[in-house]
Every structure is written in C-alpha cells, then in structure tokens.
Amino acid sequence: MRVIIFTGKGGTGKTSVAAATAARLAKQGKRTLVLSTDAAHNLADVLAAPVGPEPVEIADRLWGQEVNSLRETERNWETIQGWLTRLLDKAHLKDISTEEMLVFPGMEELLNLLQLREHTQSGRFDVVVVDCAPTGETLRLLSYPNVLNWWLEKIFPLERRLIKFMRPVARLAGQVELPPDEVLDSVERLARGLEETQRLVLDPEITSVRIVLNPEKMVVAESKRAFTYLNLFGFSTDAVVVNRVLPAEAGQGFFSGWLENQRKHEEEIETNFRPLPILKAPMMPEEVIGLPALERFADLLYESRDPAAMLYRGRTETFREEDGATLLELALPFMDREELDLTQTGDELTVHAGAYKRKVILPRSLAGSRVEGAKFADGRLVIRFGKRAPEDRNDES
C-alpha cells in the first residue's frame with residue numbers, strides 16, 4: 001500500500017499535480033484512487049469527469065473521489081451531535097441554529113481524513129493519492145490527532161469514570177443530561193479512528209508528503225514554513241514539486257521579468273530544500289484538463305521516475321547516546337531560535353515551534369530523566385537528557 005499526500009499554498013496547481021500523478025500510476029498498472037479532501041473541490045474539473053462522494057471509476061485502474069464533508073460529519077458525529085442538541089434545548093437555546101453551531105471549525109475537514117484509513121484497510125487500491133487542502137489547513141488537520149491522542153490517553157479515562165459516578169446525581173437533579181455510554185463510545189471510536197489515521201500518515205514506509213509550489217517569493221516562503229512544521233510533527237516529505245516553470249523562450253518581451261524572477265527563486269528552492277528531490281513541471285501550452293493532458297504533464301514532471309517510489313528517505317526524529325547522556329534530535333529547517341521553546345511534564349516533552357506545538361512522549365528508557373539542555377543549529381534541535389536518579393531505576397526494576 002502507498003499513500004502520497006500533495007499539499008501547498010492555494011493556487012499552486014496541487015490538484016493538477018495530484019491528478020496527473022494518479023493518471024501516471026494507473027497507466028503503470030496500479031489500482032489508483034485520487035482523493036480530494038479539500039472543501040473547495042475541483043478534482044472533477046481537472047479530470048473532466050464526474051466524481052462523487054464514493055470512488056468513481058474514471059479510466060482503467062483509476063478512480064476519483066471528492067469527499068462529502070456533510071455526509072462524513074453525519075456518519076461520525078451524529079450521536080454526539082444529538083446529545084449536544086438535547087443539552088442546548090434544555091438550556092432554551094432553540095433560537096440558535098444548533099446544527100451549524102455543533103460542527104466545530106475544521107471538524108468536517110478532519111473527518112474527511114477517516115476516508116483515507118478506510119481505503120487503505122479495504123485493500124481495494126494499490127495507491128491513494130490525496131489532494132489536500134491548502135498548506136495551513138493541512139498542517140492543522142495532520143497535527144490535530146496528536147492532541148486528540150494525548151487527550152484520549154491522559155484525560156478521557158478520568159472523565160469517563162467521573163461521568164459514570166456523577167450520572168445518577170445529575171438525573172436526580174434533573175437539570176443536566178450527562179453524556180450516556182453510547183455518546184462516550186462514539187467519542188472514543190472517533191478519536192481511535194483519527195489515531196489510526198495518524199499512525200498511517202506517519203508511517204514512512206507507506207506515506208509521504210509532496211509540497212507543490214511555484215517559483216515565487218511568497219509561495220516559497222510559505223512552503224519553507226510548511227516543510228518545517230511537517231518535520232516538527234514527524235511527517236516524511238519525499239519531494240518538492242516546482243510547478244508552472246516558464247520555458248527559456250519566455251525570456252523575450254513581456255515575460256522576461258517573470259522569467260528572471262523565477263530563475264532566482266528556483267536557485268533558492270534548490271539551495272533550501274536539498275537533499276529532497278526537486279521535481280519541475282513546466283508551464284504548459286494548454287490547460288491541464290482531462291486524462292490525455294494530465295498524462296503528458298506527468299511525463300514531463302516525473303520523466304523516468306516512478307511516482308509511487310519513496311523518492312527520499314530521511315528521519316526527522318532520532319534518539320542517540322553521547323557521553324553517557326541521551327540526545328533527542330529534531331529536524332526543524334528554516335526555524336528561528338527565538339521561535340523555539342521547550343517544556344517538560346513527567347514523560348511528556350512539549351516542543352513549541354512558532355504557531356505550532358508538538359507533544360513528544362518520551363520512551364520508557366528516559367522515564368524520570370530531565371532535560372539538561374538544548375542546542376539549535378543548522379536547522380536541527382538537539383535536546384540533552386540527564387541520567388535518571390538511582391531510585392527511578394530501582395522503581396522500574
């Protein structure tokens with residue numbers, strides 16, 4: 001099984017790149033699904049074929065799907081939403097549109113990711129190519145299960161026991177309806193499903209992310225930030241796709257300035273993203289619409305490469321021993337030292353990087369160890385842990 005996730009700033013052409021990749025893979029004989037999780041779907045437009053909320057066969061070994069956010073919300077959130085609606089009714093908030101109020105921002109897109117898990121478990125496809133939302137939304141979605149997993153392991157069991165204890169008292173009071181077991185079960189199923197999805201997208205043997213960008217200043221800057229945060233959360237990025245590269249003949253007349261600007265940013269991309277493979281797709285002389293155009297586009301983009309291959313392998317998180325201490329090394333390219341912060345609570349280490357934070361659960365071998373220091377240089381954060389106290393080692397034995 002192979003999962004390839006395409007993301008990038010809005011308008012860079014990631015849907016075309018994803019669809020072209022899927023078309024090439026299907027032509028190679030792989031059963032391929034191109035899946036759009038973007039709320040603003042345009043996959044059907046690019047394929048020039050009808051695409052629905054379930055996989056639709058577009059050509060031999062090629063299927064397309066635009067996930068229906070409303071349907072996924074109803075499937076996964078209906079039981080919980082029903083209880084919340086009853087709760088608001090008792091609070092006399094019927095004048096508020098409860099149906100809209102009880103779907104939290106970003107939830108629909110998050111639930112769309114569950115389709116990815118279902119398809120990989122079904123065995124129906126060899127490759128799933130994901131056309132994701134623009135970069136910022138994608139990062140929020142991919143990192144959200146990290147928080148859910150922490151809540152599910154640390155807080156949810158305590159809440160569940162407390163609710164079970166308080167439910168009889170609440171019934172006698174007759175004022176508040178605490179969630180019944182079916183609601184709690186639904187919450188747990190949802191969280192477990194998202195946890196499984198996260199394990200899938202973090203597996204470097206199955207999933208990789210490809211960043212689609214244009215050789216323009218703002219797009220390159222956002223792509224560098226995206227690469228940093230993908231590293232922060234442990235996702236494997238195996239290629240950068242530079243789309244809409246102007247040909248040399250555009251250097252005459254009106255486009256001469258654009259061409260010069262692009263070449264400058266192409267050099268920056270080469271310098272900043274190496275050793276990742278840099279795939280370049282030229283500005284096509286026609287709209288990339290329909291399978292024939294997509295296949296021609298894919299031939300120029302991948303040349304002799306196999307799109308299903310893992311184009312780059314590199315670990316973004318490693319533990320190693322040095323001078324009797326354990327070091328945790330995280331790859332955080334393009335990050336400024338001033339944007340980094342660390343906090344430790346027990347076996348949990350929280351890394352704050354810019355607008356995002358990640359919780360790292362320390363391995364058992366580091367239980368009881370405290371952070372002694374940290375160093376950030378050359379895009380890598382190295383955290384040093386001291387030796388555990390003797391009583392900690394005795395307790396473990």
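Which residues of β10 are buried on one side, and which on the other? A325, L327, E329 and A331 are buried on one side of β10, and T326, L328 and L330 are buried on the other, so that both faces are covered. In a regular strand the side chains alternate between the two faces of the sheet. Strand β10 covers residues 325-331, and seven of its seven residues are buried, so the strand is largely enclosed by the rest of the structure.

This description rests on a predicted model. The protein chain has a mean pLDDT of 81, and 75% of its residues reach 70 or more. Confidence is highest in helix α1 (residues 14-27), with a mean of 97. Confidence is lowest in helix α13 (residues 390-396), where the mean is 47. One is residues 169-173, for which the model has three contacts beyond four places in sequence. The other is residues 392-397, with four contacts beyond four places in sequence.

**Strands and their pairing**

Strand β10 pairs with β9 in the antiparallel sense over six bridges. In this pairing, F319 stands opposite L328 of β10. The hairpin of β9 and β10 has two residues between the strands, and D323 takes a positive phi near 55 degrees there. Strand β10 also pairs with strand β15 (residues 380-385), again antiparallel and over six bridges. Here L330 has L381 of β15 as its bridge partner.

A further sheet is built from β11, β12 and β13. This sheet is open, has three strands in the order β11-β12-β13, and its pairing is antiparallel. Its edge strands are β11 (340-345) and β13, each of which pairs on one side only. From one strand to the next, the twist averages 20 degrees. Strand β12 (residues 348-353) is joined to β13 by six bridges, and the two run antiparallel. L349 stands opposite V360, which belongs to β13.

**Aromatic pairs**

How many aromatic pairs does a search of the whole structure find? The search finds seven aromatic pairs. A pair of aromatic rings is described by the distance of the centres and the angle of the planes. Two of the pairs are listed here.

| Pair | Distance between centres | Angle between planes | Type |
|---|---|---|---|
| F227 and F273 | 5.7 Å | 50 degrees | tilted |
| Y229 and Y356 | 4.5 Å | 50 degrees | tilted |

F227 lies in helix α10 (residues 217-232) and F273 in helix α11 (residues 256-273), so their pair ties together parts that are 46 residues apart in sequence. Both F227 and F273 are buried. Ring pairs also link F227 and F273 with F334 into a cluster.

The pair of Y229 and Y356 involves helix α10 and a strand. Y229 lies in helix α10 and Y356 in strand β13 (residues 356-361), so this pair ties together parts that are 127 residues apart in sequence. Y229 and Y356 are both buried.

Is H265 buried or exposed? H265 has 6% relative accessibility, and because buried means under 20%, H265 counts as buried. Leaving out residues up to four places away in sequence, H265 touches P215, E216, K217 and V220.

The loop between α11 and β8 (278-282) contains P275. A cis peptide bond joins R274 and P275, with omega at about 15 degrees.

**Positive phi angles in two loops**

Where does A48 have its place? A48 sits in the loop between α2 (43-47) and β3 (56-59). Its phi is positive, about 55 degrees, although A48 is not a glycine. A48 has 56% relative accessibility and so counts as exposed.

E303 is placed in the loop between α12 (291-302) and β9 (317-322). E303 is not a glycine either, yet has a positive phi of about 50 degrees. The relative accessible area of E303 is 55%, so this residue is exposed.

Terms used:
Residues are numbered from 1 along each chain as its sequence is written. This is a predicted model: local features need pLDDT of at least 70, side-chain atom pairs count only at pLDDT 80 or more; totals for chains, interfaces and linings use all residues. Side-chain values use heavy atoms; hydrogens and water are left out. pLDDT is the predictor's confidence in each residue, from 0 to 100. Helices (H or I, at least four residues) and strands (E, at least two) are DSSP runs, numbered from the N terminus. Contact means heavy atoms within 4.5 Å. Rings of Phe, Tyr and Trp (its six-membered ring) pair if their centres lie within 6.5 Å; planes under 30 degrees apart count as stacked, over 60 as edge-to-face and the rest as tilted. Buried means under 20% relative accessible area, exposed over 50%, partly exposed in between (1.4 Å probe, protein chains only). Two strands pair if DSSP finds at least two bridges between them. Axes are lines fitted to C-alpha atoms, for helices over the stretch in contact, and angles run from 0 to 180 degrees between N-to-C directions.
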